[in-house]
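Subject: Structure handover

Hello,

I am passing this structure on to you. Please look through it first; my notes follow below.

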Amino acid sequence: MKNCLFLFLVVFGALPAFAEKPNIVYIICDDLGYGDVHCLAPETCKISTPHIDKLASQGMVFTDAHGGSSVCTPTRYGIMTGRYAWRTSLQRGVVTGFAPNLIAEDRPTVPGLLQDHGYTTGIVGKWHLNFQYVDPETGEAYSRKKYKKPPVGAVIPDGPTQRGFDYFHGFHHARDMEAVIENDRVIEHDKVVNMLPRLTHKASEWIDSRAGNDKPFFLYVPLGSPHTPIVPSEEWKGKSGLGDYGDFVMQTDHAVGEITAAIERNGFADNTLVIFTSDNGCSKAAGIPKLAAQGHIVSAHLRGSKADLWDGGHRIPFIVRWPGKVAAGSQNNSLICLTDLLATICEILGTDLPPGSGEDSVSFLPALSGDPIRSTRNGIIHHSYSGHFAYRHGKWKLLLAKASGGWSMPNEAKAPADAPIAQLYDMEADIGEQNNLYTSKPEVAAQLLKLLEEDVRRGRSTQGEPASNDVSEIVLWKTKNKKANAKKKNK
C-alpha cells in the first residue's frame, strides 16, 4: 500500500509534471468564427488559412472548446484568472477603458503564476480588461468624456505589467486602437491599419529576444483581428476574393505563421506549447449574409454568431501543438473552456492552484495525451452579450432565453410570443440547435437549472471550499415572462 501511495504522489502531485518547464505561446484571435479556419470546416470555409491548418496538422484540434462568454472582455478575464467574468460587476457587455482594471490587484493570474515559477512573461496585443490613463504631471486620471483617445505620454498604473506581465506592447481595445502602449505608457498614435503588422512584428521580435536565455517564457498574443475595424493591409486586399473580412482573416493567418516561424528559427519548437484559439464567434460586422452568399459560412455547422447563447457565439477554434507531448494530426472531443488555462498550467508545473483562484478552471492536460479529463465540475456555463445564461452538461444544453440571447435573429425582443421561456438541446443529435426539447424534457431542464444555480451560489463550478462572487445578486433569468414568473435571482 505504501508503494502504491508513493507512486500516486509522484504521478499526480508531489513532483513537477515535467522536468523541463515548457515555453508557452498563447495566440487568441478576436471574433474569428469556428468556420473561418479552413481545416475545421473544409466544405464551407472559402478562406485560405495555411498556417493555422499547418498548426492543426502538427497538433491536436479540440472540437468542443468554448469561450467563457460570447464577447471579448469576459472571455479574456476568464483566460487570465480561471474564473467566469459574470462573478464580477461585469454582468453584461464589455468594458470600454478609462477605468480601473477588472482584475482585482490581489487576484492570481496566469502570467503572475508563471512569474512565480521563473518565467519571463510578455503580452503583445489587445488587453480589453480596463485600465486607467493618468496625466504624468498631475497624477490625475484622464476621462473618456474629455478624451476621444488616450493622449501620448499617459501613464497606466494598473495595466498588464501590474497583473503579471514583464512586457506589454499593444492597445486596450478597438475603439482606442490608435493609442499604442508599451509597458505602462502610451508611446504614440498610429493608424489602425498598422496595428496587425505591428503586433506580428513585435511578437516575433519578442520571441527572438529570448534566444540564448535559459529562462522559460510565456507569450500571450491577443490579436485585434479580424475584429473591427476590418482593415487589411494594402498587400492583402483582394487576396481572398471574399472582400475585406476574408482578406483580414488571411492576414491574421499570416501573423500566426510569422509567430510560429520565430519559435522554430530560434530552436524553441520542441519545448514550446503553442495554443491557438479565438475569444468568441464571428461578428455580424463581417457581413455574414454576404459571405454566406459567396459560400463561406462563418460558424460552419453551428447556429448563431458573436454575442449569442447558441454555440456559434462561443464555440471556438482551439488547436494545441506540443511536439513529443501531443500527437500530430489528432482530434479531441472533450468539453473545455478558455477558463481552463490556469489549472492546466498548474498541472504542467506540478503545483496547486494559488489560494483564491481558478474557481472555474479544470486542467485539460490529460486530454493532450488522449486521456480523459479529470473534471471536478458538472458542466460549463455560457454567457451572452446581454447577460443571458446557458448551461452545458454532457450532451445537454439549457438556455435561459427564448431566442439567441444575443444579436442574431430572433433575439429576445423578436422571439415569438408563444415561444417557451427557455431552450433545451441534445448537442449530440442536434448540434445546430434546431429542435427545442424544453417542454418535452422538463426533468432534464430542471436538473441542469439546479446545477447552474448551485455553481452560481457556491462562487465556483469546481470542487473546493465555497467562494464568493463579487456581487450579491446574479440574475439568471433575463427574459421577462410574467406568466412563468421567470425573473429569478440567485444570491
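Two strands count as paired if DSSP finds at least two bridges between them. The model is a predicted one, and in it strand S13 (residues 396-399) pairs with S14 over four bridges, in the antiparallel sense. Within S14, Leu 424 is the residue opposite Leu 398.

These strands belong to an open sheet of four, ordered S11-S12-S13-S14, with antiparallel pairing. Strand S11 (380-383) and strand S14 (423-426) are at the edges with a single partner strand each, so one side of each has no neighbour in the sheet. From one strand to the next, the twist averages 20 degrees. Helix H10 (residues 442-457) packs on the sheet and touches S11, strand S12 (389-393), S13 and S14. The direction of H10 makes about 110 degrees with that of S12.

Next, helix H3 (residues 72-81). Ten of its ten residues are buried, so H3 is largely enclosed by the rest of the structure. Among them are Cys 72, Arg 76 and Tyr 77. The buried residues of H3 pack against strands S1 (23-29), S3 (120-126) and S7 (217-222), and against helices H4 (110-116) and H8 (341-349). Just after H3, Gly 82 has a positive phi of about 70 degrees.

Last, the cysteines. A search of the whole structure gives zero disulfides. For Cys 39, the nearest cysteine sulfur is that of Cys 45, 8.6 Å away; a disulfide needs the two sulfur atoms within 2.5 Å. Cys 39 is partly exposed, with a relative accessible area of 32%. For Cys 337, the nearest cysteine sulfur belongs to Cys 72, at 15 Å. Cys 337 is buried, with a relative accessible area of 2%.

Regards

Note on methods
Residues numbered from 1 in each chain as written. Predicted model: local features only at pLDDT ≥ 70, side-chain atom pairs only at ≥ 80, totals over all residues. Heavy atoms only, no water. Buried < 20%, exposed > 50% of the residue type's maximum accessible area, 1.4 Å probe, protein only. Helix = DSSP H or I, 4+ residues; strand = E, 2+ residues; numbered from the N terminus. Contact = heavy atoms within 4.5 Å. Axes fitted to C-alpha atoms, helices over the stretch in contact; angles between N-to-C directions.
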